[in-house]
Amino acid sequence: MLSIGTPAPYFEGKDENDNVVKLSDFAGKKLVLYFYPKDSTPGCTAEACDLRDNYQRFLHLGYEVLGVSKDSAASHQRFIEKNELPFHLISDPECVILKAYEAWGEKKNYGKVTMGTLRTTYVIDEQGVIIDAIGKVNTKEHSAQILAD
C-alpha cells in the first residue's frame, strides 16, 4: 500500500458516462478513492451501498467519493443504476490506476494464487496528499472505517 503522508499518484480515467476524471478535478476537496474487484458481486455491492447510504454525510464533511475497478463503463452504468449510487465509477481495464495505487497484485483464493484487484481505499486531502490508507476493508461498514479518524 502507498504510505500516509505521500502525494497521491496522478490519475486520469473515464467514468461510467465516458467522461474523463482526473485527480486534479478534486483539488481543494477531500477524496475517498476506493478500489474494488467487480461490479455486482456481493462484497462490492455491500461496500458501494454502504458508501451510498453515507454519501450525504461524506459530502457534509467535505469528501467526494470515487470508485475504481477493471469493469467496463457499461457495467458501471448498470451497477450505478441498479444500486442508485450517487458517485462516479472509473473504468480501468488496463489496470493503470490500480497499479499506480498498489491496488493490483497477488491474491490467494482457496490456495490458488492469481493476480487481481486488492480491495483498498485511500483518503486524499485537499492538497493531494494521502491521509489514510485502508487495506482491510469491512465491506458492510466501510464508511465507519473511513470516518473513524
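What covers the buried residues of α1? I started my notes there, after a word on the model itself.

**Ground rules.** I am working from a predicted model, where local features need pLDDT of at least 70 and side-chain atom pairs count only at pLDDT 80 or more, while totals for chains, interfaces and linings use all residues. My numbering runs from 1 along each chain as its sequence is written, and my side-chain values use heavy atoms, with hydrogens and water left out.

**Entry 1: helix α1.** I found that the cover over the buried residues of α1 includes β3 (30-35), α2 (55-60), β4 (63-69), α3 (73-83), β8 (120-124) and α5 (142-147). For contact I used heavy atoms within 4.5 Å. Helices (H or I, at least four residues) and strands (E, at least two) are DSSP runs, and I number them from the N terminus. I listed the buried residues of α1 as C44, T45, E47, A48, C49, D50 and L51. Buried means under 20% relative accessible area, exposed means over 50%, and partly exposed lies in between, with a 1.4 Å probe and protein chains only.

I also checked the length of α1. The helix has 12 residues (42-53), and at 1.5 Å a residue it should span 16 Å; I get 16 Å between its end C-alpha atoms, so that agrees. The expected span is 1.5 Å times one less than the number of residues.

**Entry 2: helix α3.** Which residues of α3 are buried? I get S75, H76, F79, I80 and N83. They sit on the same side of α3 because they cover an arc of only 130° around the axis. That arc is the one made by the directions from the helix axis to the C-beta atoms. On the other side of α3, I see R78, E81 and K82 exposed. The buried residues of α3 pack against α1, β4 and β5 (88-91).

**Entry 3: positive phi values.** Most residues other than glycine have a negative phi. I went looking for exceptions. E84 follows α3, and its phi is near 50°, a positive value in a residue other than glycine. I place E84 in the loop between α3 and β5. At a relative accessible area of 65%, E84 is exposed.

E102 went into my notes as well, with a positive phi near 55°. I find E102 in the loop between α4 (96-100) and β6, and at 37% relative accessibility it counts as partly exposed.

Entry 4: In which sense do strand β6 and strand β7 pair? Strand β6 (residues 104-109) and strand β7 (residues 112-117) are antiparallel, over six bridges. I count two strands as paired if DSSP finds at least two bridges between them. I traced W104 to its bridge partner in β7, T117. Two residues lie between β6 and β7 in this hairpin, and Y110 in the turn has a positive phi of about 55°.

**Entry 5: salt bridges.** How many salt bridges does a search of the whole structure find? I get five. My cut-off is a side-chain nitrogen of Lys or Arg within 4 Å of a carboxyl oxygen of Asp or Glu. I looked up some of them:

- K14 bridges to D18, with the closest N and O atoms 3.9 Å apart. K14 is partly exposed at 41% relative accessibility, and D18 is partly exposed at 49%.
- E64 bridges to K29, with the closest N and O atoms 3.9 Å apart. This pair links distant parts of the chain, as E64 is in strand β4 and K29 is in the loop between β2 (20-22) and β3, 35 residues apart. K29 is partly exposed at 36%.
- D53 bridges to R52, with the closest N and O atoms 2.8 Å apart. D53 counts as exposed at 54% relative accessibility, and R52 is partly exposed at 26%.

**Entry 6: the whole chain.** I count five helices and nine strands, in the order β-β-β-α-α-β-α-β-α-β-β-β-β-α. A compact globule of 149 residues would have a radius of gyration near 15 Å; I get 14 Å here, which agrees. I take that radius over C-alpha atoms, and the globule rule is 2.2 Å times the number of residues to the power 0.38. The C-alpha atoms fill a box of roughly 40 × 35 × 30 Å along the principal axes. I find 47% of the 149 residues buried. Among contacts between residues at least 6 apart in sequence, 61% join residues at least 24 apart.
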